[in-house]
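My entries follow in the order I made them.

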Amino acid sequence: MSQIIEALFLGLIEGLTEFLPVSSTGHLLLVGHFLGFESTGKTFEVLIQLGAILAILSVYFNKLWSIAKALPHDPMARHFVIGMLVAFLPAALIGAVLHGFIKEVLFDPWIVCVTLIVGGFVLLAIDRMPLEATKTDATQFPLSMYFKIGLIQCVAMVPGVSRSGATIVGAMLMGASKRAAAEFSFFLAMPTMAGAFTYDLLKNYKILSANDAAIIVAGFISAFVAALVVVKMLLDYVSRHGFTPFAYWRILVGAAGLAGLMVYG
């Protein structure tokens, strides 16, 4: 029962942080470390992301369905789908090649703390830049821009960087508005996280027990509910307030994590 409660709590953290530029994986690894939570094959942190994926899908289902229906006759719909594939491809290839290295070496709380702090200062710098927003429609970025965002997303394979933070910052530096950058980050999350979920499950399903499945399901449900709330609120908040609050949060959590690791190990 205690593991189920921990899974629900960690799922809540996943859902609340997945689409914020604060690194959900970084938060999960730090909190899990101090709770003494250990998942079989370190699969829990990846597999509960399915809840967050379904949260985005439920929010954007009508828009995505209309794009799917328009594919045969609408060049703009085809442009967006091709752009999504182009953006997804770098993470799919690099993630498959470096899967073992990422889990065995980079899933380290010290690395998480440092990247949280560094990423916080990056967000502060971005918020102070006089960036000109020339692209306001996330479905109509140039194909070259989709590919570059996809490359930037690969940096977030280092826990603590933040997938959403990397893609949002990258898109803004290339001329996207804050809202369009955040919305495309949501769209790109679906194939990226679904791919990570599928790959991790195929690699580890043989070592998972019924108890592992129960813990993962608890985390998945909690992540879905929390992510549903965040996705609906984040676009308007970011458009009005920018990223400074998230930057300070990252720095605070990273510093607290370093202090905790020095004291408790």
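Entry 1, Lys-203. Lys-203 is found in helix H9; helices (H or I, at least four residues) and strands (E, at least two) are DSSP runs, numbered from the N terminus. I then checked Thr-43, which is 160 residues from Lys-203 along the chain, and the two C-alpha atoms are separated by 9.5 Å.

Note on the source. I am working with a predicted model, in which local features need pLDDT of at least 70 and side-chain atom pairs count only at pLDDT 80 or more, while totals for chains, interfaces and linings use all residues. Residues are numbered from 1 along each chain as its sequence is written, and side-chain values use heavy atoms, with hydrogens and water left out.

I listed its contacts (heavy atoms within 4.5 Å): leaving aside neighbours within four places in sequence, Thr-192 meets Phe-88, Ala-91, Gln-153 and Arg-163.

I counted 11 helices and 0 strands in the protein. The radius of gyration is 18 Å, close to the 18 Å that the globule rule gives for 265 residues, so the protein is as compact as a globular protein of that length. This radius is taken over C-alpha atoms, and the rule is 2.2 Å times the number of residues to the power 0.38. Along the principal axes I read a C-alpha trace of about 55 × 40 × 35 Å. Buried residues make up 49% of the 265. Of the contacts with a separation of 6 or more, 84% are between residues 24 or more positions apart.

How close do the axes of H4 and H10 come, and at what angle do they cross? The axes of H4 (residues 49–70) and H10 (residues 210–241) come within 7 Å and cross at roughly 45 degrees. That makes H4 oblique to H10. Axes here are lines fitted to C-alpha atoms, for helices over the stretch in contact, with angles from 0 to 180 degrees between N-to-C directions; under 35 degrees is roughly parallel, over 145 roughly antiparallel, 65 to 115 roughly perpendicular and the rest oblique. On the H4 side I noted residues including Leu-50, Ala-55 and Tyr-60, and on the H10 side Phe-220, Ala-227 and Leu-235 are among them. By class, the contact has 14 nonpolar, 2 polar and 1 charged residues (Ala, Val, Leu, Ile, Met, Phe, Trp, Tyr, Cys and Pro count as nonpolar, Asp, Glu, Lys and Arg as charged, and the others, Gly among them, as polar).

Gly-242 sits in the loop between H10 and H11 (244–264) and counts as buried at 0% relative accessibility. Asp-127 is 115 residues away from Gly-242 in sequence, yet 6.5 Å away C-alpha to C-alpha. I also looked up Ser-23, which is not a glycine but has a positive phi of about 75 degrees. Ser-23 is found in the loop between H1 (2–17) and H2 (24–35), and at 4% relative accessibility it counts as buried.

Terms used
Buried means under 20% relative accessible area, exposed over 50%, partly exposed in between (1.4 Å probe, protein chains only).
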